[in-house]
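Hello,

Here is the structure I said I would pass on. Please look through it first, then read the notes below.

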Amino acid sequence: QLRSWFARLELRFAKTIDMNWSADKWYTMKFRSENRDGEAILRGKVWLRDEAEPKEWQIEAIDATPNTTGSPGLFGNATDAEFFIDNVQVTANM
């Protein structure tokens, strides 16, 4: 899901796609945020760690009123299962 920081989804924006997760599997996630003409173009994809990266982005959304400065952050809901984050890299868009 791509969403704004607001707790209630209807206040800003959110885009959700279905994703079939498998237990006891590691995944790679790639996220890209690009500021363009006062908007943020947000793109993401997720794939099994040992498989090739998909060429296409799986989710894409445009934030018409983004924060254009700041630090990246990650959030995971561990209510129903453990949530691990490992090997994070933050790089400039090329």
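The model is predicted. Met 29, Leu 74, Phe 83, Ile 85, Val 88 and Val 90 together make a nonpolar surface patch of about 620 Å².

Ile 85 lies in the segment after β5, the strand at 59-63. Is Ile 85 buried, exposed or partly exposed? Its relative accessibility is 45%. Buried means under 20% and exposed means over 50%, with partly exposed in between, so Ile 85 counts as partly exposed.

**The chain as a whole**

How many helices and strands does the chain have? It has 5 strands and 0 helices. Reading along the sequence gives the pattern β-β-β-β-β.

The C-alpha trace spans about 40 × 35 × 25 Å along the principal axes of the chain. The chain has 94 residues, and 17% of them are buried.

Last, the charges. The chain carries 12 positive and 15 negative charges. The mean position of the positive charges and that of the negative charges are 4 Å apart.

Regards

Technical notes: Residues numbered from 1 in each chain as written. Predicted model: local features only at pLDDT ≥ 70, side-chain atom pairs only at ≥ 80, totals over all residues. Heavy atoms only, no water. Patch = residues over 30% accessible without salt bridge, like charges linked within 9 Å, V, L, I, M, F, W, Y side chains within 5 Å. Areas by Shrake-Rupley, 256 points an atom, 1.4 Å probe, with all protein chains shown as cover. Salt bridge = Lys/Arg side-chain N within 4 Å of Asp/Glu carboxyl O. Helix = DSSP H or I, 4+ residues; strand = E, 2+ residues; numbered from the N terminus. Buried < 20%, exposed > 50% of the residue type's maximum accessible area, 1.4 Å probe, protein only. Lys, Arg positive; Asp, Glu negative; His and termini not counted. Charge placed at Lys NZ, Arg CZ, Asp CG, Glu CD.
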